[in-house]
Amino acid sequence: MFKNIEISGFSDEIASDFQTQLKTVNELGMRYISLRGINDKNIGDYSVEMIKKDVVPRLKQWDIGVSSIGSPPIGKIYINDENAFKKQLTMLKALCEISQLLNCQYIRIFSFYIPKEDNFDAYKDIVISKLKEFAKIAEQYNIILLHENEKDIFGDIARRCKLILDEVNSPNFKAIFDFANFVQCGENTQDCYDLLSDDIAYIHIKDAVYKDNFNVLCGTGDGQIESILVQFFESGYQGFLTLEPHLVVFDAIKDLELEHSTETIQNSAAKDGAEGYKMQYEALLKILSNINKKENTQ
């Protein structure tokens, strides 16, 4: 539909079983997934050999590629947990090797949980220092780390995302644009795009509403997805639009959030993960079709 644009998605929102994930994605006509949960295990718990043995053959069987390693663990720890950080440096090296094995350029990361009630901005220097250590590892493997604007972490709002990107200042460290997360932080997504557009290398398709912060079907919330996608395309964006439906409470969610997280997923939008995934995919196709029609009538 659009040149050099591919649709991917977090297939573990379909089901825990990897075979079911791949079968569903294949039936929808999609060619890529973001790899996060595989058979009740997080990608961070897999070794290179395990991926080679258990995952690569299944991807080949279904002719599915990997758009990104959707790692929850990297950077989803408290900023002052030094033992966890050391373990994450080792894990990130393994994930970079896995990315190379899968011909995948991108690994999603986060910028650390800040202790409750503390002043986020006071942690700037230590956050930047640790993210630079992540970036150095990525540079060694020629992998691009994608920082997601996630709720409850240091880089949750556009201003701090911009600070991170400017300070880390590495070609191997870029931004994910997640519409819903910005909405759930009370941000205007158009303002966020205006501030961050030069550093965005990857897009998550997820929508939410300001009123109660719930995730909703893409295009029906306050994320301004259609109008901002037009701007992405007009600016020459090439790459992935990755579905992260969050329309039902899926199995892997228990591994994604710490106790103080404010995730707001309703369990009423779809009967199960597969239906929610399909609904989000079809809603994105409708948005892209609308954009295409408007372009053709101008």
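Biologist: How many helices and strands does the secondary structure of the chain come to?

Modeller: Please keep in mind that this is a predicted model. With that said, the secondary structure of the chain comes to nine helices and 12 strands.

Biologist: What radius of gyration does the chain have, and how does the globule rule bear on it?

Modeller: For 298 residues the globule rule gives 19 Å, and the value for the chain is close to that, so the chain is as compact as a globular protein of that length. Along its principal axes the C-alpha trace spans about 50 × 45 × 35 Å, and buried residues make up 57% of the chain. The radius of gyration itself is 18 Å.

Biologist: Which residues of helix H1 are buried, and where on the helix do they lie?

Modeller: Helix H1 covers residues 18-28, and its buried residues are Phe18, Gln21, Leu22, Thr24, Val25 and Leu28. Seen down the axis of H1, these residues fall within an arc of 165°, so they line one face of the helix.

Biologist: What covers the buried residues of H1?

Modeller: The cover comes from several elements, and it includes both strands and helices. Among them are strand E2 (32-35), strand E3 (37-38), helix H2 (48-62) and helix H9 (273-297).

Biologist: Is Asn181 buried or exposed, and which side chains make polar contacts with it?

Modeller: Asn181 lies in helix H6, which runs over residues 179-184, and because its relative accessible area is 0%, under the 20% cut-off, Asn181 is buried. Leaving out residues up to four places away in sequence, Asn181 touches Glu148, Asn149, Glu150, Lys151 and Lys206. The side chain of Asn181 is joined by a polar contact of 3.1 Å to that of Lys151, and by one of 3.3 Å to that of Lys206.

Biologist: In which sense do strands E6 and E7 pair, and which residue of E7 stands opposite Ile107?

Modeller: Both faces of strand E6 (residues 106-109) are covered, with Tyr106 and Arg108 buried on one side and Ile107 and Ile109 buried on the other. In a regular strand the side chains alternate between the two faces of the sheet. E6 pairs with strand E7 (residues 144-147) over four bridges, in the parallel sense, and the residue of E7 opposite Ile107 is Leu145.

Biologist: Which residues is Leu89 in contact with, leaving aside its neighbours within four places in sequence?

Modeller: Leu89 has its place in helix H3 (residues 82-101) and is buried, with a relative accessible area of 16%. Once the sequence neighbours are left aside, its contacts are Glu133, Phe134 and Ile137.

Biologist: Which residues other than glycine have a positive phi, and where do they lie?

Modeller: One of them lies in the loop between H2 and strand E5 (65-69), and it has a phi of about 55°; at 63% relative accessibility, this residue, Asp63, counts as exposed. Another lies in the loop between helix H5 (158-168) and strand E8 (173-178), with a phi near 50°, and Asn169 likewise counts as exposed, at 63% relative accessibility. The residues asked for therefore include Asp63 and Asn169.

Definitions and conventions. Residues numbered from 1 in each chain as written. Predicted model: local features only at pLDDT ≥ 70, side-chain atom pairs only at ≥ 80, totals over all residues. Heavy atoms only, no water. Helix = DSSP H or I, 4+ residues; strand = E, 2+ residues; numbered from the N terminus. Buried < 20%, exposed > 50% of the residue type's maximum accessible area, 1.4 Å probe, protein only. Polar contact = N/O pair within 3.5 Å; in protein donor to acceptor, adjacent residues only side chain to side chain. Contact = heavy atoms within 4.5 Å. Arc of directions from axis to C-beta. Rg over C-alpha atoms; globule rule 2.2 N^0.38 Å. Pairing = 2+ DSSP bridges.
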